[in-house]
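User: I would like to learn how to read strand pairing and helix packing. Can you take me through an example?

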Amino acid sequence: MFRKILIANRGEIALRVLRAARELGVQTVVAYSKADENSLPVLLADESICIGPAPAAESYLNVRNLLAAALVSGAEAIHPGYGFLAENAEFAAMCEEHGLTFIGPRPETIARIGDKAAARALAAAVGVPITPGSEPLRDLAEATSFADEIGFPLILKASAGGGGRGMRVVHSHSDLERQFVNAQEEARAAFGNPELYMEKYLEEPKHIEIQVFGDGKGDVVHLFERDCSIQRRYQKMLEEAPSGLDPELRANIAAAAVNLAKHIEYRGAGTCEFLVDRQGGYYFSEMNTRIQVEHPVTEMITRTDLVQEQIRVAAGLGMQLKQSELEVSGHAIEVRVNAEDPDHDFRPSAGVITDVHWPGGPGIRVDSHVYAGYRIPPTYDSLIAKIIAWAPSRQEAIARMDRALKETVIEGVKTTVPFHLKVLDNAFFRRGAVYTNFIVRRMTP
């Protein structure tokens, strides 16, 4: 096992990794920006090192400073969390070049499957269904030609994308030119790569993702699926597990994800995302080569610790997860609590949290890095907490989450808690009639 690791991230995921490492007897070094010097992970870490000013490009994306922090502190490995450099193959390779273990997939794996367009080709090669779509598009003329071939509506996606950035739904030729340019510019700004590809757009699909875990030697297990259909502008807001899909369909999607992960001898935690249409057709969308924000719902229904398993596998101790021992127990729901004002188009609500009280009781888990007196920096993502409710059934989990949210007190900033209460009270949500257009169709006046 490692003696010491560096956590190259911030917020709740930095604290999540710190706690997992500490329970394994591993010391932690938290790399932080000047804006996060008073954050909980920094205060609780065995060691902490400032890696730069607030802008991410000068701190959490500053490879040179992160590597120097790891080497100076004597860390043996780096956990990247999610976002920032978590899916950056070049960063993973540089860790290895400096004798540091990257707690995640091998650099060459990230490069192969992290490129969204290349991932579609890999999936097709092993027989995993994909939506009709293009190779990377050279220019607008090629996009127009392919649009004529597959028809509208279609969706433009960034090859290096994630988190909904660089994605545009296009309904007509007249719309294509403007959306193509906009998507390119957004992809260039977010990922430094403007390359786009195109897919047929599915109307009202479910967004289903399969949690997989591999030992890097060809053994891969799945930890069942999550339903992540409740999204706003492609950003997930509420996730639950398991889904309400037919058991045979669930098993088929999971088998497809495992086949793909085995094909690339995947190492560590990863997620294969699928769109599922109303007829039961399922189509591979992309693979995320990291731990997901929503991993707690999987942990709650499978009684596992995915972050500790990541650390163990990266340390060369082998994978403890066995498919024959994994089973679903109960139902879990996670809501993302963001410092945003849902009454004003979810605009950010940075500021000082003057008082906070988290819910408790059986089946409730809260992953958060904030406390009373904490100042939310305006520089980063607005996520301040994840509240997870587990219960024997979906109906009981909804009731438990409703109770937990009503116990939650966060003063000083606006949050998405009131919005989530409305979702829980929605009749369509309660009966599981949830698709990716749920918020637009069911929650917008």
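Analyst: Start with pairing: two strands pair if DSSP finds at least two bridges between them. Strands (E, at least two residues) and helices (H or I, at least four) are DSSP runs, numbered from the N terminus. Here, Asn-338 stands opposite Leu-383 in S21. This is a predicted model, where local features need pLDDT of at least 70, side-chain atom pairs count only at pLDDT 80 or more, and totals for chains, interfaces and linings use all residues. Residues are numbered from 1 along each chain as its sequence is written, and side-chain values use heavy atoms, with hydrogens and water left out.

User: How many bridges join S14 to S21?

Analyst: Eight. They link S14 (residues 331–338) with S21 (residues 383–391), and the two run antiparallel.

User: Which sheet holds them, and in what order do its strands lie?

Analyst: An open sheet of eight strands, ordered S13-S12-S9-S10-S11-S14-S21-S19, with antiparallel pairing. S13 (282–288) and S19 (364–368) are the edge strands; each pairs on one side only.

User: Now helices. What describes two packed helices?

Analyst: The angle between their axes and the distance between the axes. Axes are lines fitted to C-alpha atoms, for helices over the stretch in contact; angles run from 0 to 180 degrees between N-to-C directions. The axes of H1 (residues 11–23) and H11 (residues 306–314) come within 9 Å and cross at roughly 60°.

User: Which residues meet?

Analyst: Contact means heavy atoms within 4.5 Å. Arg-16, Val-17, Ala-20, Ala-21 and Glu-23 of H1 meet Leu-306, Val-307, Gln-308 and Ile-311 of H11.
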